[in-house]
Amino acid sequence: MSPRQSDSKPSPAGGGKATDDMPDIELDDDEAVEEAIAPGGPDLPFTAIDWTAHAGDADGMVGAEVIQTLVKRLPNAPGVYRMMNAAGDVLYVGKARSLKKRVTNYAQGRFHTNRIGKMVRETATMEFVVTRTEIEALLLEANLIKRLRPRFNVLMRDDKSFPYIMLTSDHTSPGIYKHRGARSRKGGDYFGPFASAQAVGRTINSLQRAFLLRSCTDSFYDNRTRPCLLFQIKRCAAPCTGEISREGYAELVDEAKDFLSGRSQKVKTEISGQMQQAAEELDFERAAVYRDRLAALSHVQSHQGINPQTIDEADVFAIHQEGGQTGIQVFFFRTGQNWGNRAYFPKADPSLEAAEVLGSFLAQFYDDKPSPRAILLSHAVEEQELLAEALSTRGRHKVAISVPQRGEKKDIVDHALQNAREALGRRLAETSTQARLLDGFAQTFGLEKPPVRIEVYDNSHIMGTNAVGGMIVAGPEGFVKNQYRKFNIRSTDITPGDDFGMMREVMTRRFSRLLKEHGDENVESEDGLEGNGAFPAWPDVILIDGGQGQMSAVRAMLAELGVEDRVVAIGVAKGQDREAGRERFFVKGKDSFSLPVRDPVLYFVQRMRDEAHRFAIGSHRARRKKEMVKNPLDEIGGIGPSRKRALLHAFGTAKAVSRAAVDDLMAVEGISESIARLVYNHFHDNG
């Protein structure tokens, strides 16, 4: 589908292009139109919406009454609608082949489920966007759901991007790397997606043994004078120092591409033939190299589990519902190889059927991901053909969606369904345990109800250097890692090693930003989540790794910001001899106390504290490592990678560059007199 061009624009008075199916209706300005389509950006296969309308407050009416007022003005055209409450929170996003017919159903006041009835009763206003086709409505609906996270929609909770294997193409000796995120402008070959970073790392390690490809950075490669350790342990052919010819290395790269592209048997046959030839020539050392490469390829495929013969490129989705929750298992097959699986647990009303949940999940899943040529499902979904057509339009290749009934494909779907069932069972057990722990936590510390969001803070530094504050978050489903935050300590007024000062800066920055971005948005629904169904931004409890002194500083800071009554602050001090199990707890209005050594709540607090400690130390080490490998040339404006590489080639080290005279610097290719003086002045501080 070519990018859309809007046929008409709103008139200054708010009127638009009128047709028999599109009655006169108040139109928003161009900014509102752009806002309606903004979530998809350039990824949506259309760039403009014909027009958009909204109801306003409709004279204060709510529920079916306000919908009845709106339905009279709606066109009989495809589009997307948003139902909103009086506070402006989006309750539900839906699409329709005919907006008028779909919204009429809500206006009649007869609902099949309590969920829809409650949703309509809370509706105070609606907004509409008309699209040219139902396909566009489907794509826009999925996009808006992911962005707005309406409380009554099926919500995909875990939306991390998938990792890929990348073979670079912008270097004479291409490297193999793990890649996540946008594709590089420099180009390269991408193979994936893989279900996890661990699967990518494991595969790359085996591929290095099989094809001896480099995994170092270009700067590391360019500065080698002798092979590194990877050459010694037979994981790299060392093209950096000429241990292999360019032609020979190019052959290894081509073999790796063939293997990752599904021609694994061809590659194994060729390597096996080379091994036999070397053995016949009595070159047993070379034959042993080919033998090890074959073993590495077999290791890759053995870790992939199922490698189907009849599936070349497909994603497999299986859904299982139990205990009011839903589990979806996704398997990724590319080039005839199994590249892993991942479990998802979408937020969905228990009254929704599996097919309805799976259909909504699929639209959101592929909103920002490329779709394969085949999608295999455990359950048929509504509008299956429409979804396939939409994905085909977006991906610019035909996508087939099917529910296998027999053969190998059916066996693979059944295998995915078994995994979905087992994963959901484990999750139910974990959440049940977590719920009991949160109940016990509330009783132990005198809370009115079990907390939904607990934040735990810790600091890490070495004699005050590279100081980092860490915040981890726990909730009803365990640790919420996408909510973790690190704080690089910036203040120059803090004495090195002053934990009180560091904690004060962390807490001030955290709650100042929270007030600025969320203010009084701490409106919860019945399930403890925010009004839009998202995980709450405001914590119920903060845990501080420290005693009475730390707690006094934290409470003073919270009082200054005016949030002391909104958050329960609890201090956890290490016991005598720093022995686990003897921790003392500090809560406002109570004497300090300890818990029995085998109390489950004590274990729960210890686990959260240890996680905060792990995260803070990891953040500190990462910052310290970055400082250690920092190149002084990086600090000079106007010195890009090419000039930096040229200088290091000429002088060997940054220290040697700092000692060079202007004339010596100018002798390096690509370094002009102005750049040479810039480098010289940077190191000699004479402007």
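The side chains of Asp610 and Arg609 form a salt bridge, with an N to O distance of 3.7 Å. A salt bridge here is a side-chain nitrogen of Lys or Arg within 4 Å of a carboxyl oxygen of Asp or Glu. The model is predicted: local features need pLDDT of at least 70, side-chain atom pairs count only at pLDDT 80 or more, and totals for chains, interfaces and linings use all residues. Residues are numbered from 1 along each chain as its sequence is written, and side-chain values use heavy atoms, with hydrogens and water left out.

Asp610 is partly exposed, at 44% relative accessibility. Helices (H or I, at least four residues) and strands (E, at least two) are DSSP runs, numbered from the N terminus. Arg609 is buried, with a relative accessible area of 14%. Glu583 is buried as well, at 2%.

The structure holds 21 salt bridges. One of them joins Glu127 to Arg82, with the closest N and O atoms 3.5 Å apart. Glu127 belongs to strand E4 (residues 125-130) and Arg82 to strand E2 (residues 79-84), so the bridge ties together parts 45 residues apart in sequence. Glu127 is partly exposed, at 23% relative accessibility. Arg82 is buried, at 10%. Elsewhere, salt bridges link Lys95, Arg97, Glu134 and Glu383 in a network.

Helix H16 (residues 548-561) has 14 residues, and its end C-alpha atoms are 20 Å apart, in agreement with the 20 Å that it should span at 1.5 Å a residue. The expected span is 1.5 Å times one less than the number of residues. The buried residues of H16 are Gln550, Met551, Val554, Arg555, Met557 and Leu558. They cover an arc of only 160 degrees around the axis, which puts them on the same side of H16. The arc is taken from the directions from the helix axis to the C-beta atoms. These buried residues pack against helix H15 (499-517) and strands E17 (541-545), E18 (568-573) and E19 (584-587), contact meaning heavy atoms within 4.5 Å. Gly562 follows H16 and has a positive phi, near 75 degrees.

Methods
Buried < 20%, exposed > 50% of the residue type's maximum accessible area, 1.4 Å probe, protein only.
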